[in-house]
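Student: I would like to go through this structure and ask what stands behind each label. Please set each value against its definition.

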Amino acid sequence: MAAIVQVDRLSKNFGRVRALHEISFSVAEGEVFGFLGPNGAGKTTTIRILLGLLNGDGGTAKIGGFDCWTEHAKAARLFGATLEQPALYGFLSGRDNLRLFARLLGPVDEAQITELLGLVGMTERGDDKVKRYSMGMRQRLALAQGMLGKPRLLILDEPTNGLDPNGIHGLRILLRKLATEQGLTIFFSSHLLSEVEELCDRVVVLHRGEVKASGPLSEVVNVKGFNYRIDVSDVDKAMEIVRTIEGATVESGTIKDSITVSSQTDLARIINHALVAAGIGVDQLVRTEKGLEDVYIELTGVAPGSPLSAPPPPPPPSPPVAVRR
Amino acid sequence: MFIRLVRNELEKTWRSRWIVFAVMAGLFVLIAGGLYIFYVATQHRWSPPPAVAWQTTLRDEIAANQSSIAQLQQIKQQQGGSAGGPFRGGFSIDSVIARDQQAILDDQYLLDNNIAPLQSFSITLAALFGLGGIVMFLLLRVFGWLASEQIAGERSDRTIAILLSRPMSRDQLLLAKAVASFLISLAVVVVTFLIVYAMLAFIEGSLGPFTAQVAIAVDGSKPVGSGNLVVMSIPLFVLMCLGASMLGVLCVQGMALLISVVTGRWAAIGITLAVLFGAALVSAIVSGIITLISGNPNTAHFLNYLFVNVLVPVSAIAPVFGNAPTEAGTGMKEFGSQLATLAVWTVAFFAAAWLLFHRKQEAG
């Protein structure tokens, strides 16, 4: 399928600070594209270049074949966007905000505004002033703003910021629906790995202004194996025992009285048996499959939840196998 | 598309800043109410006074000047040898007599040629005071404040990113904001003029004629005469004053927009008001010092090339009441030169704002 977004050797510096260094990627029409990276990786700078707010220092950024800076007005006909912090007029109602933004695209279509308010679950609060909205409501209205004028491409910069778990779940369902039913291309920037893992067909991982990995999710997430968190009565002895099991790598856990083990094949029962046989009390053994989160840490060296990263992501989507005794 | 953009800007300004307009309207009501109470208390009547024809006023003025000259000559005779000696204020009896005589000649010239002086009609007075002086001085500061928020406010609210990511050029957005600011200020200025006109019509006891001719001195410091007068109809005079005032407004808005394209909301408002109030104050102090040192008020005239000193060009004709020489730096000649200065500054401000906005990187 033809690429709707083409970024080629794009660079951007702010004074001496290198924000982007020759990054290249493309987004095919109709795909849900994940743009990943810890805070400060250059995600927002890239998006601002795509939106025509910044001009790159080198390389090109095109949408629908139009240069995002020199042919901005043509490129902008193809996309809608939401920003990291929802940008809305607090003194206007949600509906009036949409009317105002709709006027930037053409004659106001009241039916579409009502439909969009319904789509993002804001019908009841649509006539309230935006300054009385919660962060989550602002995010939802910003999403409706991005969908005004039926764009071919929806660029979302950290759209789950401020949403509660229900809101995130609802957004995920909505975006999937838009992609499958309307064939909308979605450019989804996030540091929430689980979101990207759930939603995106293809990802680019950005770190310190450089592309660290890109491609179909199945290729990038080419890490097979399992992680285990085991709560034990004696950490030192348990680590000693697990080290003797072939294929298991062990380290002391981040939680008190627990160890963390990883392995290529499923060793849950073997580990459990070995620990019990050695007289170590096992309070809990939680097994998870390795996922994008592990790739992310490997590529960027930044663990989610570390000071360099954003707040920790919600619980992993795959249900853990818990063995309780 | 452009009309929709302007409509958006008008709606945003009105919905976010209606309180400013409400306060201005409230002030007008207070001032008008206060003046009316003063009028009732001093004149002991509720209704307007009877109107007086301008010819009558001029004849009364001639009579008053003649009586003043007679008195001054009497004083001169009583003083004997020290005829025409200087008063404490630095001017002599002779110079006062000469000025009064010139005033009589000027008044007679206007009467003979059926040309009304500017203060004759409530509508021309309203043009001078409603579109000039302290009223415009204050309105210009309000318009500067509102214009300074136009882009800087969007930047502070982060909505600039949405506006600039939409399918329109930055030229269109800047122009829409300039046009909206101008239209709002035009409406406020026209309403202000009408309110001042209504108040003056009450005080004068008449709405006055709309088709009569009025005269303005070319050089306010010289005697009125056929060579030193510009005669025009009342509608033309009012339109001229309105146009000149709006050029001042445009100049302030150009400056405010220039500041607005590079800063955030509070910086833009602060810098704009600091320039408008501060530069005028500094210039007044500098002008005072120069005049004091040189002893000639014309020496500081070069300060009139500074835009803050020519923002209200109508003030250059306001002191010219047609029938007596006034201070230097007044009259149609000065008015024209102030308009030219304003035009140059206005073009420069808008060009600079356009250039900067085109290159501005919105890093967020």
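Student: How much area do chain A and chain B bury between them, and what does buried area count?
Tutor: Chain A and chain B bury about 2,900 Å² between them. Of that, 58% is on carbon and sulfur atoms. Buried area is the accessible area (1.4 Å probe) that two parts lose on being put together, summed over both. The size of an interface is often given this way. The model is predicted: local features need pLDDT of at least 70, side-chain atom pairs count only at pLDDT 80 or more, and totals for chains, interfaces and linings use all residues. Residues are numbered from 1 along each chain as its sequence is written, chains are lettered from A and ligands numbered from 1 in the order in which they are written, and side-chain values use heavy atoms, with hydrogens and water left out.

Student: Which three residues supply 26% of the area that chain A buries against chain B?
Tutor: Leu53(A), Arg103(A) and Leu104(A) do, more than any other three residues.

Student: How many residues are in contact across chain A and chain B?
Tutor: 35 residues of chain A are in contact with 29 residues of chain B. Contact means heavy atoms within 4.5 Å.

Student: What makes Arg103(A) and Glu11(B) a salt bridge?
Tutor: A salt bridge needs a side-chain nitrogen of Lys or Arg within 4 Å of a carboxyl oxygen of Asp or Glu. The side chains of Arg103(A) and Glu11(B) meet at 3.1 Å, N to O. So the pair qualifies.

Student: What does the salt bridge of Arg18(A) with Glu210(A) tie together?
Tutor: The closest N and O atoms of Arg18(A) and Glu210(A) are 2.8 Å apart. Arg18(A) lies in strand β2 (residues 17-28) of chain A and Glu210(A) in strand β10 (residues 210-216) of chain A, so the pair ties together parts that are 192 residues apart in sequence. Strands (E, at least two residues) and helices (H or I, at least four) are DSSP runs, numbered from the N terminus.

Student: Why is α3(A) called oblique to α4(A)?
Tutor: The axes of α3 (residues 94-102) and α4 (residues 110-119) of chain A come within 10 Å and cross at roughly 130 degrees. Axes are lines fitted to C-alpha atoms, for helices over the stretch in contact, and angles run from 0 to 180 degrees between N-to-C directions. Under 35 degrees counts as roughly parallel, over 145 as roughly antiparallel, 65 to 115 as roughly perpendicular and the rest as oblique. The angle falls in the rest, so α3(A) is oblique to α4(A).

Student: Which residues make that contact of α3(A) and α4(A)?
Tutor: Arg95(A), Leu98(A), Arg99(A) and Ala102(A) of α3(A) meet Glu110(A), Ile113(A), Thr114(A) and Leu117(A) of α4(A).

Student: What makes α4(B) oblique to α7(B)?
Tutor: Helix α4 (residues 122-130) and helix α7 (residues 170-204) of chain B pack at about 135 degrees, with axes 8 Å apart. That angle is again among the rest, so α4(B) is oblique to α7(B).

Student: What is the make-up of the contact of α4(B) with α7(B) by class?
Tutor: It has 9 nonpolar, 3 polar and 1 charged residues. Ala, Val, Leu, Ile, Met, Phe, Trp, Tyr, Cys and Pro count as nonpolar, Asp, Glu, Lys and Arg as charged, and the others, Gly among them, as polar.

Student: How many helices and strands does chain B have?
Tutor: Chain B has 10 helices and 3 strands.
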